[in-house]
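Please look over the sequence and the structure shown below, and then read the report that follows.

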Amino acid sequence: MRVLMAALIAGTAITGAAQADALRDKALTYFAPLPSTVPAVKDNTITPEKIALGKALFFDPRLSASGVFSCASCHNLATGGDDNMETSVGHGWQKGPRNAPTVLNAVLNEAQFWDGRADDLKAQAKGPIQAGVEMANTPAQVEGTLASMPLYVEWFTAAFPEETSPISFDNMARAIEAFEATLITPAPFDAWLNGDDAALTAEAKAGLELFIDKGCSSCHSGVNVGGHGYYPFGLVEKPGADVLPEGDKGRFAVTATVDDEYVFRAAPLRNVGVTAPYFHSGKVWDLNTAVTIMAESQLGEDMSDVEVTQVVAFLDSLTGTVPPVTLPELPPETAKTPRPTVELLQ
């Protein structure tokens, strides 16, 4: 009897391991674990000096005309790398047109912004600083601000030692990109992909299987579980105007191509459990509701409450550990530092 019981237990364990391996093999055809080191970026060698400078710039509100808003204002590293608002508040307390995406793992995206108008984080960093509804500044004003502070001059020289004039708007963007490239958040899903069977709950594994079998992984795949490719929002059935505002035609504004109306980059889903509200409109605050809308709109699927709960359990396994970031002590201003203004700089 004891021999029989032992055999049954061993057989069950082998079956369970085989099932886990089969699901992992299946998952690895769609996803990949996060890199264990800071990823390289195009045309921007990452150095410790550049990272340190980029961190200071990321947190410095003096990059904005008003001296109020920094990159961290809309991309709060303590709240999922975004601002947890429908749309962000910027210069003169104006509200932006779209929900702020998370900056965490953003270096792994194929392109930046909901419509993909920025090829990389260098280009993305320049956009909000110049946008009248966000930081409302100009490249010349930013360069003048940075050059007015001797410590920034020292830091730019260390970060870009081969340049005779290291303080530039382009180098500011390169430094911010270097810092943001370090914001990688390893999650339980990565541990599971790397072989730790206990890293995911049974419910999360069921949700992962549903995520693949229902077709979610057709758009949300790769190392960032999305962040690449452009797809119509409402492929099967368009959501209501509250979720999909008629005035925001997505990538059409970039390409002026009719086929790109209401087309958006697939959202990266890492840390999605802590980055509500959802979608480019920021109108949906509940992740279960967001999953239900996507199932209906993109897949034509009427998912049960149990299935939605399982998918959300999988999505929660994508919530990772944010690397420790200490607030930098920023360079002091001088008499030459431009003063804050609430006017829109031209």
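Is Gly207 buried or exposed, and what is its relative accessible area? Gly207 is buried, with a relative accessible area of 0%, where buried means under 20% relative accessible area, exposed over 50% and partly exposed in between (1.4 Å probe, protein chains only).

This is a predicted model, in which local features need pLDDT of at least 70 and side-chain atom pairs count only at pLDDT 80 or more, while totals for chains, interfaces and linings use all residues. Residues are numbered from 1 along each chain as its sequence is written, and side-chain values use heavy atoms, with hydrogens and water left out.

Gly207 is found in helix α9; helices (H or I, at least four residues) are DSSP runs, numbered from the N terminus. The C-alpha atoms of Gly207 and Val311 are separated by 3.9 Å, although the two lie 104 residues apart along the chain. The table lists contacts (heavy atoms within 4.5 Å), leaving aside neighbours within four places in sequence.

| Residue | In contact with |
|---|---|
| Gly207 | Gln310, Val311 and Phe314 |
| Phe189 | Phe31, Leu200, Leu208, Phe314, Ser317 and Leu318 |

A nonpolar core is a set of buried Ala, Val, Leu, Ile, Met, Phe, Trp, Tyr and Cys residues joined through side-chain atoms within 4.5 Å. The largest such core has 40 residues, of which Phe31, Phe189, Leu208, Phe211 and Leu315 touch the most other members. Two or more residues come from each of α1 (2–28), α8 (188–193), α9 (202–213), α11 (287–299) and α12 (305–316), and α12 gives the most, with 6 residues.
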